[in-house]
Amino acid sequence: MRTVQFTRDGTVLGAEIRDGDGPPVVLLPGVMADAASWRPVVEHLDVPNPVLVLDRRGRAASGPLGPGYSVRTEVDDLRHVLGSLGDLGLSGGTHLFGWSYGGLIALEAAIGRTDLRSLTLYEPVARPFAPEALGPLREAIGRNDLDRAVELVNTVVSGFSDAYVAELRRSPVWNVLRPLAEPLADELGAIDDHRPAFDAFAELDVPVTLLLGAVNEGRPPYGTAFAQFERAMPGARVVRLPGEGHLAHASAPRLLAERITDAVKAHRGA
């Protein structure tokens with residue numbers, strides 16, 4: 001993997017690239033994740049294509065969220081990156097993948113584009129999304145208590161047990177998650193402030209694959225959010241990840257990579 005940078009309106013957007021041949025595959029992570037946390041998935045992607053993983057705003061490789069931050073900020077960032085791929089010698093259309101918040105951003109950025117070969121979305125999220133967590137998260141992050149913020153996102157948002165969080169706290173992963181929690185409240189606030197363009201999603205002229213962690217089906221917040229997108233895109237192919245929830249990039253990177261690989265190969269010549 002090598003690193004590259006894009007710049008939009010003075011804000012740096014970092015990315016990691018695995019070189020290859022053919023149309024690029026662009027991966028967009030959600031909250032509490034960066035390009036580094038998606039390396040295990042990239043390693044298992046069985047495609048010759050170049051793969052780019054974007055470090056969204058608020059990650060160490062990129063600039064801050066900035067004033068007036070919203071979902072639209074992220075959409076404009078992604079559109080800028082997609083429009084700049086030719087400068088890196090990456091051309092021929094793009095296979096776009098988004099996870100969680102990244103899935104929402106990818107969908108909004110896909111509206112009106114004619115240069116996408118495929119769109120794969122792993123549990124995109126939408127309002128209302130754990131609004132009960134926003135106040136406690138803002139309070140914790142406001143006093144720089146990132147340990148508490150990591151606790152809250154795992155319990156109040158994701159529904160994990162206190163025992164799970166205690167075990168996570170003892171692992172090396174905890175110190176990776178702490179800085180990723182800094183932009184969390186503003187990111188979740190942006191999701192709850194945003195009204196997705198569900199009517200426009202149905203009109204997308206690109207093959208869409210929706211990935212769902214089977215254990216989340218029908219359960220808030222991820223399964224209930226997923227259902228909104230499934231209803232909005234009746235033509236999408238829905239693929240369930242057996243035994244997985246929202247974090248297959250960490251718990252089953254090979255399985256998730258296989259499903260992304262399937263989507264790319266199915267539309268390689270699209």
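Residues are numbered from 1 along each chain as its sequence is written, and side-chain values use heavy atoms, with hydrogens and water left out. Because the model is predicted, local features need pLDDT of at least 70 and side-chain atom pairs count only at pLDDT 80 or more, whereas totals for chains, interfaces and linings use all residues.

The model contains an open sheet of 8 strands, in the order β1-β2-β4-β3-β5-β6-β7-β8, with mixed pairing. Helices (H or I, at least four residues) and strands (E, at least two) are DSSP runs numbered from the N terminus, and two strands are taken to pair if DSSP finds at least two bridges between them. The edges of the sheet are formed by β1 (2–8) and β8 (237–241), each of which pairs on one side only. On average, neighbouring strands of the sheet are turned by 20° against each other, direction ignored. Axes here are lines fitted to C-alpha atoms, for helices over the stretch in contact, and angles run from 0 to 180 degrees between N-to-C directions.

The pairing of β3 with β4 is parallel and comprises 3 bridges. In this part of the sheet, L27 stands opposite V53 in β4. Between β3 and β4 the chain passes through helix α1 (residues 39–44), and this β-α-β crossover is right-handed; with the strands pointing away from the viewer, the path from the first strand over the helix to the second runs clockwise in a crossover of that hand. In a regular strand the side chains alternate between the two faces of the sheet. Strand β4 is covered on both faces, with V51 and V53 buried on one side and L52 and L54 buried on the other. Buried denotes under 20% relative accessible area, exposed over 50%, and partly exposed the range in between (1.4 Å probe, protein chains only).

Helix α2 (residues 71–84) lies across β1, β2, β3 (25–28), β4 (51–54) and β5 (94–99), at about 120° to β1. Helix α12 (residues 253–266) lies across β3, β5, β6 (116–122), β7 (208–213) and β8, at about 165° to β8.

Packing between helices was examined for α6 (residues 162–169) and α7 (residues 173–180), which meet at an angle of about 100° with their axes 7 Å apart. This angle makes α6 roughly perpendicular to α7, a class that spans 65 to 115 degrees, against under 35 for roughly parallel, over 145 for roughly antiparallel and oblique for the rest. V165, L168 and R169 of α6 make the contact with V173, W174 and L177 of α7, contact meaning heavy atoms within 4.5 Å. The residues of this contact divide into 5 nonpolar, no polar and 1 charged. Ala, Val, Leu, Ile, Met, Phe, Trp, Tyr, Cys and Pro count as nonpolar, Asp, Glu, Lys and Arg as charged, and the others, Gly among them, as polar.

In helix α10 (residues 222–232), the buried residues are Y222, G223, A225, F226, Q228, F229 and A232. These buried residues pack against α3 (101–110), α5 (146–157), α9, β7 and β8.

T94 lies in strand β5 and is buried, with a relative accessible area of 5%. Apart from neighbours within four places in sequence, T94 is in contact with P24, V26, L82, L85, D115, L116, R117 and S118. P207, in the loop between α9 (198–201) and β7, is partly exposed at 28% relative accessible area. Not counting residues up to four places away in sequence, P207 touches R117, S118, L119 and H267. D21, in the loop between β2 and β3, is exposed, with a relative accessible area of 62%. With residues up to four places away in sequence not counted, D21 touches P48, N49 and P50. The C-alpha atoms of D21 and A225 are separated by 35 Å, the two residues being 204 residues apart along the chain.
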